[in-house]
Amino acid sequence: MAVVATGSKESLQLQEETEVQLTRLQSWILHRPGWWKKLVFIVAGYNLMLVPYRICLNVTDTESVIAFIILDSLADLIMWVEFACVMMTPPPGYGLEPVPHCRNGLINIRSKAAVAELCAVMPLDFVWFAVRGRVPYPVFRINKMIRVARLDMYFSELRKILQISHNASRVFQFTVLIFWMMHWLGCIWAFVVREDGDDILTWYWTQRPDLINEAPFAQYVVGVYWSLTMMTGYGSLLPQSDLQVIYSLITVLIGVSINVGVIGTLGSLIQNLDSSGAAFRRKMDAVNDYMRYRKLSPEMQRRIKDYYGYLWQSRRGLDEASLILELPEYLQQEVQLFLNEDIISKVPLFHECDEQFKSAVVVKLIPIVLLPDSYIVRKGEVGREMYFISRGEVHVVSEAKDPSERIVYATLRDGSFFGEVALLFNDSRRTATVITSLYCDLYVLRKEDFDSIQEQFPDQSKVIQKAATKRYKLQQENEAEADK
């Protein structure tokens, strides 16, 4: 019986481990990591660059063929894995509404998207090798060019991985497409030269004798140069054969289209690259107009400009509080916990509180920015807030009319806090004056927000009140000793 029980326990353990591995695999398939997406992008670029090069320039030398066979095998393996992952990834909207060509979260293999993906990954060159036993021609990899239809998707994924703005991504995408177009046209130009085969016609068109017999890369370089000059309107070499004329017409039309795109699209995209800067400058123009209209003093104007200047330098003019409030509550909590969990954990009052209570406190934190020499609290005023220092430095000072006569009792820096007594006792008065010495990013916890949290967690409230009473009594004793 003991043996059976042991075997059953090991079987259950093995089953649990298998389920864990399957869950990890499923998570990897649904949320493929950034390095894998970058690798797929590189492989797609490899096919889109080298397939037309090998076809048009007839790269068949032994060393190149061996190298390409190895690279093609690795590229095809990666693309087959990506194909399987795509087929097992539910499309956007699945589960919320019926999605065509999708059953049980899997893409229907008979759908157009699946057929296109399958055609793109089919190893026609290896099939030729298996059937004929001969080295496949480069033209058997022409199906890899179907990936051109997915270029927009690849660029979109790359933008998410690199975390660049949409406008910067569009500029990069447009630039890459121009270089790809030059590459493809250069390859086709070399193909046209080879197909004509007439040395006289080739010489008139290329002004380079015996170009057909030169190395493939030399032909490619001349082709790219010729394509670039024709696309930009500077080409002066006249085509001779019908094939050359047709190709020249197509190249000129593509060049005109690209020029229109550069002037119309790329220009506006470059202007929008600094959209946040333009918005900030418009806002500053409005602020300057307001200050002139209200005839504010030069010193006050300087402080207002310093405030907005610091906002721009530290967070590119973003209103952090408004941005966080736009998020749903669970995302607010996750963001605030990520930013401020260490700060909350340092407060002695919250040491014995559970994670739910700390999360509720973190969500209520309000970010503020203060300039140097700004009063945060004054001695004797009624306290209604607790402050957490995210970045900057403050001084606990004595009251004095002349700033040079202030006595600095303590200096608080990143991660410090003060004013916690105001949250726990009604109408408690500040026992010290706190002033900023640098630009400061603070988080504020208001008493009314903290009271509502205590109502939700009555057990935690008793623990906090007990700890706060001890700290308050200790603080009063220290002040009494200081007065003596």
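Student: Which side chains meet in a salt bridge at 3.9 Å, N to O?

Tutor: Those of Arg384 and Glu448. Bear in mind that this is a predicted model. The general idea goes like this: side chains of opposite charge can pair when their charged atoms come close.

Student: Where in the chain do Arg384 and Glu448 sit?

Tutor: The pair links distant parts of the chain, 64 residues apart. Arg384 is in the loop between strand 4 and strand 5, while Glu448 belongs to helix 16.

Student: What about Asp289, which residue does it form a salt bridge with?

Tutor: Arg292, and their closest N and O atoms are 2.4 Å apart. Both residues lie in helix 11, three residues apart, or about one turn of the helix. Asp289 is partly exposed at 43%. Arg292 is exposed, because its 53% relative accessible area is over the 50% cut-off.

Student: Now Asp125 and Arg141: are they buried or exposed?

Tutor: Both are buried. Their side chains form a salt bridge at 2.8 Å, N to O. Here again distant parts of the chain are linked: Asp125 is in helix 5 and Arg141 is in the loop between helix 5 and helix 6, 16 residues apart.

Student: Which residues are linked with them in a network of salt bridges?

Tutor: Arg54, Asp72, Asp76 and Lys144 join Asp125 and Arg141 in that network.

Student: How many salt bridges does the count come to?

Tutor: The count comes to 14 salt bridges.

Conventions
Residues numbered from 1 in each chain as written. Predicted model: local features only at pLDDT ≥ 70, side-chain atom pairs only at ≥ 80, totals over all residues. Heavy atoms only, no water. Salt bridge = Lys/Arg side-chain N within 4 Å of Asp/Glu carboxyl O. Helix = DSSP H or I, 4+ residues; strand = E, 2+ residues; numbered from the N terminus. Buried < 20%, exposed > 50% of the residue type's maximum accessible area, 1.4 Å probe, protein only.
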